[in-house]
Amino acid sequence: MRRRLLSSTLVVAVIAVLLLGVPLGVVVSRLIVDEAAQELGAEAKRLVGEVEYARVQETPLDPQQLEQKYPGRYIQIWERGTPLRVTVVGAAPPSGHLMTEDASTNTGVYVRISRDRDQVEQDVRARLLLIVALAVAALAVAVSLAVVQSRRLTLPLLDLAKIAERLGSGDARPSKHRYGIPELDRVAQVLDRSATRISDLLTREREFATDASHQLRTPLTGLTMRLEEIVASADEPEVVREEGEAAIVQAERLTAVIDELLAAARRQRHAQAEPVAIDEVLIQQITEWEPVFRDAGRTLQLDGARGLKALATTGGFGQVIASLLENSLRHGGGAVTVTTTSGDNYVVTEVSDEGPGIADELAPKIFERNVSGAGGTGLGLTLARALAAADGGRLELVRRRPATFAVFLRPAEDNGGRGRAVSGPA
């Protein structure tokens, strides 16, 4: 591109110089020749007047004085009389290189004054050389401007090509480069916006991969536990059957988790919220987690109102409760109680334990990504809050000590059959 810009600029400059320089050279050469002829004619008229004045004064002509007064001229003077008087001043130029002008009077005086044409032609050549030098200088300036302009155009294009190549290689940082050329600046702005979008997409992809690995870990752990129970009870068909059915349920839940994660990635979960029986989800989660808590020497119990329904997705709400139970298992202590209540605006599910609670400095940022109080991943509560929000609800820390988390969901229309259950293990 730079070569094409230079060549096109040079061609345009040469054409412009030829269109202007050639006529200018012709005009200047003619002006110099005409000016020399006019000067020579004026000298001839002035000289014939001087000769006529000398005749009237009867003063003889002095050739040396005339030669000093008209240097570089070859002068011939004829005066009528008897005999004819001829006066010659100066040396005659070479034959064929004369520029001559004549003048005469009615009294018989005839003057011819000549000069060397080579001197005039030398002056013409000097002026033409000056015009050529100016033309060359103009071409040099044009080439210099073309080089500067081509660099101003090509360097930003090369930079934009590097930015595009960097975007293609996965480096999605906006460059913020601007070049002072509106069209190129517009392209740079578009690339920066594309880089921002690509960066957001890559960030969401990474977060999705992290969220998926975290959310799938719990169902896989439960499935592994069921399979271990099957292996350990190989001689007891009833136990194997029961554990096999539980493993199937766990596998179905794993499939539901995958569907929920994909739906969340497509931002479709909110539209899929539907009336969900809270008891069914809670009993399923407590059934899955109770063996783990029992192995840890802790209890897990369900309390509160029964028969509640809320707008949510079964998999999403189940994942929220699973994340809260796992959080209590890892960071809490003592018995864990899941309590359900309802009001005019929300169906509330609280998960609390008897542990030391959450430190004051950690509580304000407990739901932030990668924030953990005891060496965890820092993703569980973040994902749980995101899942609750996707279902149109919210997850809050309602008490720091002992730690109590509450899930607020929009109530379904039919909650009339709710009742009060007796506290105790599920």
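**Close-ups of a predicted model**

**Figure 1. The whole chain, before we zoom in.** Residues 24 or more positions apart account for 69% of the contacts in the protein chain with a separation of 6 or more. Keep in mind that this is a predicted model. The protein chain has 426 residues, and 38% of them count as buried. As for secondary structure, you'll find eight helices and 13 strands in the protein chain.

**Figure 2. Helix H7 meets helix H8.** H7 covers residues 314–331 and H8 covers residues 380–390. Their axes come within 9 Å and cross at roughly 155°. Anything over 145 degrees counts as roughly antiparallel, so that is how H7 sits relative to H8. The handedness of the H7 and H8 crossing is left-handed.

**Figure 3. Who touches whom between H7 and H8.** On the H7 side, look for Gly316, Gln319, Val320, Ser323, Leu324 and Asn327. H8 answers with Gly380, Leu381, Ala384, Leu387 and Ala388. Sort the contact of H7 with H8 by class and you get six nonpolar residues, five polar ones and no charged ones.

**Figure 4. Strand E1, tucked in.** This strand takes in residues 74–79. Five of its six residues are buried, so E1 is largely enclosed by the rest of the structure. The next two views go through the strands that pair with E1, E4 and E2.

**Figure 5. E1 alongside E4.** Strand E4 spans residues 109–116 and pairs with E1 in the antiparallel sense. To get your bearings, find Ile77, which stands opposite Val111 in E4.

**Figure 6. E1 alongside E2.** Here the partner is strand E2, residues 85–89. E1 and E2 run antiparallel, joined by five bridges. A handy landmark is Ile75, standing opposite Val89 in E2. Follow the chain from E1 to E2 and you go through a hairpin of five residues.

**Figure 7. Gln38, out on helix H1.** Gln38 lies in H1, the helix made of residues 2–56. Is Gln38 buried or exposed? Its relative accessible area is 60%, and the cut-off for exposed is over 50%, so Gln38 counts as exposed. Now look for Glu101, which is 63 residues from Gln38 along the chain. The C-alpha atoms of Gln38 and Glu101 are separated by 8.8 Å.

Conventions
Residues are numbered from 1 along each chain as its sequence is written. This is a predicted model: local features need pLDDT of at least 70, side-chain atom pairs count only at pLDDT 80 or more; totals for chains, interfaces and linings use all residues. Side-chain values use heavy atoms; hydrogens and water are left out. Axes are lines fitted to C-alpha atoms, for helices over the stretch in contact, and angles run from 0 to 180 degrees between N-to-C directions. Helices (H or I, at least four residues) and strands (E, at least two) are DSSP runs, numbered from the N terminus. Angles under 35 degrees count as roughly parallel, over 145 as roughly antiparallel, 65 to 115 as roughly perpendicular and the rest as oblique. A crossing is left-handed if the near helix is turned anticlockwise from the far one by less than a right angle, and right-handed if clockwise. Contact means heavy atoms within 4.5 Å. Ala, Val, Leu, Ile, Met, Phe, Trp, Tyr, Cys and Pro count as nonpolar, Asp, Glu, Lys and Arg as charged, and the others, Gly among them, as polar. Buried means under 20% relative accessible area, exposed over 50%, partly exposed in between (1.4 Å probe, protein chains only). Two strands pair if DSSP finds at least two bridges between them.
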